[in-house]
Amino acid sequence: DGSDFHQFFEFATVLPGASRMQVEVWSRGLVQDRLIGTTTIDVEDRWYNEEWKKMAKDQPMPVERRSLWAPTRRREQGKLECWVDIISATEARYKPPINVSLPPPEEYEVRVV
């Protein structure tokens, strides 16, 4: 349905090490939550890729459209738009995350003439 989450999440990790990050997208229901799909991102593969490191240093990371897969379905269940920012613990203290939240709602009047 094109849901918008507008949230960010921060995780601490050690590289090299356990580096496969699985992102799950869930739909909250009145009675039961439902898994929409998952995507797996190999953080270590990016961190040790010189081209990726250069891109991360010189410009904002590009938005990715990652496929979401459910274990009970054969077809893609949608896309997750995100970007992955990997920075050292020292850099994280001085570089605040980008605020991706929506602005507060405002009331408007729409006129059709």
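**Salt bridges and backbone exceptions in a predicted model**

Arginine 66 and glutamate 64 form a salt bridge in which the closest N and O atoms are 3.1 Å apart; the term denotes a side-chain nitrogen of Lys or Arg within 4 Å of a carboxyl oxygen of Asp or Glu. This is a predicted model, in which local features need pLDDT of at least 70 and side-chain atom pairs count only at pLDDT 80 or more, while totals for chains, interfaces and linings use all residues. Residues are numbered from 1 along each chain as its sequence is written, and side-chain values use heavy atoms, with hydrogens and water left out. Across the whole structure, a search finds six salt bridges.

**The pair of arginine 66 and glutamate 64**

- Arginine 66 counts as buried, at 17% relative accessibility; buried means under 20% relative accessible area, exposed over 50%, and partly exposed in between, with a 1.4 Å probe and protein chains only.
- Glutamate 64 is likewise buried, with a relative accessible area of 17%.

**A link between two strands**

- Glutamate 81 forms a salt bridge with arginine 65, and the closest N and O atoms of this pair are 2.8 Å apart.
- Glutamate 81 lies in strand E4 (residues 79-82) and arginine 65 in strand E3 (residues 64-67), so this contact ties together parts that are 16 residues apart in sequence.
- Strands (E, at least two residues) and helices (H or I, at least four) are DSSP runs, numbered from the N terminus.
- Both glutamate 81 and arginine 65 are exposed.

- A salt bridge joins the side chains of lysine 79 and glutamate 76, at 3.4 Å from N to O.
- Lysine 79 is partly exposed, its relative accessible area being 38%.
- Glutamate 76 is also partly exposed, with a relative accessible area of 34%.

- Most residues other than glycine have a negative phi, and most peptide bonds are trans.
- Histidine 6 is not a glycine, yet it has a positive phi of about 50°.
- This histidine 6 is placed in the segment before E1, and at 32% relative accessibility it counts as partly exposed.
- The peptide bond from leucine 15 to proline 16 is cis, with omega near -5°.
- Proline 16 is found in the segment before strand E1 (20-27).
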